Structures are given as structure tokens and as C-alpha cells.
Amino acid sequence: MTGQLLVATPTLKDPNFDRTVVLLVAHETGGALGVVLNRATEVPVAEVLGTWGELAGDPAVLFEGGPVQPESAICLARTKPEVKKRLSGFHPVSGALGTLDLSADPERMRESVAGIRVFAGYSGWSAGQLEDEIASGSWFVFDALPGDPFVERPDDLWAMVLRRQGDILAAVAHFPPDVSLN
């Protein structure tokens, strides 16, 4: 499922994942790893990572990637269409999207990278855990669009992904956060 989106169903009430959209950057027999795409912080990337902030798209802030190791950083990047060679420090996830080693020189990446997004922490699942959560109805699994990790209004991503599915799933986008208040 590497490269796919996990969209929290309204029944998932874990505060770490309520109404989140997670991009899976790795899914193997030993488990899965992803980053939450729709939890922007107010901390500018430039404040923490200097000139990397110049490559960050709007909003150019750190994102909460998940509850695991919040002191670590994972960088998603999208290569420019004209880039055909393999970039050192870039690990493909899906198409032009991949993770980028932040120890690289941002100036060296400027010509090859169309944009980055930096996540503090990540979301992780042990072997079989994610599959069990999907089977129990905690997550919808959808194909990601190339722009999903870089939307300018990340707070709208959960509803946006659901609406584009059509039919009954589009109606889920309007599900109230607290049904008891309806």
C-alpha cells in the first residue's frame, strides 16, 4: 500500500488520527510507516531547518506527521517533471513523490525538487496492525493524487479526498465531528 492514502473514518476516535489523511511512505511485511498530511503546525520550516524553508510550499510550516518520534523529521519531496536521473538522497514512494534526506544540501536540490513538506514525527504500525485497523473499519484506503501531500489548505484535505470518491463516500465528508450535537 506504499503511496496510498489512509483516510480516517468517522468512527476512528483516537485523537492522534481523528479526521486525518495519512500518506503511507512504506508498507512491508514488518509493518507500515506514514505521515499525517493535514496537521499543520505554526512553526515555520525555515525556523527549524534554515534554507530548506525556501523549498517548502505554502504553508511553509512543519506538519505533525504522527505520534511516533515527534523529535525526528521526515521530508516529502516532489521532483520536477524534467528530472529523469536518480537523485542522491531521494527515495521514491510513488511517481515523482519520495522522501528526501535532510542532511543533503538544499541548494543542490533546488533545481530538481518542485517542493517539499517536512513532518515532525510519523505514524507507524507493527506487522498486521494496519491491516487489522482497516478490516475493523478505522480507515478508508484510496489512491493518492500527486498534489495531495502539498495542498495549500491542509485542513480541507480530509473532506476533499472523501468528496472526490463520489457516491456515499462523498456524503461522509459532511459527517459532523460530534454526532450528538446534530
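I took a salt bridge to be a side-chain nitrogen of Lys or Arg within 4 Å of a carboxyl oxygen of Asp or Glu. The model is predicted, so I kept local features only at pLDDT of at least 70 and side-chain atom pairs only at pLDDT 80 or more, while totals for chains, interfaces and linings use all residues. Residues are numbered from 1 along each chain as its sequence is written, and side-chain values use heavy atoms, with hydrogens and water left out.

**Entry 1: salt bridges**

I looked up R110 and E107 and found their side chains joined by a salt bridge, 2.8 Å from N to O. The structure holds four salt bridges. R110 also meets E54, at 2.7 Å from N to O. I noted where these two sit: R110 is in the loop between α2 (106–109) and β9 (113–126), and E54 is in the loop between α1 (45–49) and β5 (61–64). They are 56 residues apart, so the pair links distant parts of the chain (helices are DSSP runs of H or I with at least four residues, strands are runs of E with at least two, numbered from the N terminus).

I then checked accessibility, calling a residue buried under 20% relative accessible area, exposed over 50% and partly exposed in between, with a 1.4 Å probe and protein chains only. R110 is partly exposed at 28%, E107 is partly exposed at 42%, and E54 is exposed at 53%.

Another salt bridge is R153 with D156, where the closest N and O atoms are 2.6 Å apart. R153 is exposed at 59%, and D156 is partly exposed at 32%. Through shared partners, salt bridges join E54, E107 and R110 into one network.

**Entry 2: T99**

I found T99 in strand β8 (residues 97–100). T99 counts as buried at 18% relative accessibility. Leaving aside neighbours within four places in sequence, its contacts (heavy atoms within 4.5 Å) include V25, I74, L76, F90 and H91.

**Entry 3: aromatic rings**

I paired rings of Phe, Tyr and Trp (its six-membered ring) when their centres lie within 6.5 Å, with planes under 30 degrees apart counted as stacked, over 60 as edge-to-face and the rest as tilted. That rule gives five aromatic pairs. F17 and W139 are edge-to-face, because their centres are 5.5 Å apart and their planes stand at 75 degrees. F17 lies in the loop between β1 (4–8) and β2 (21–28) and W139 in strand β10 (residues 139–143), so the pair ties together parts 122 residues apart in sequence. F17 is buried at 10%, and W139 is buried at 4%.

W125 and W139 are also edge-to-face, at 6.1 Å centre to centre and 85 degrees between the planes. I recorded F17, W125 and W139 as one aromatic cluster.
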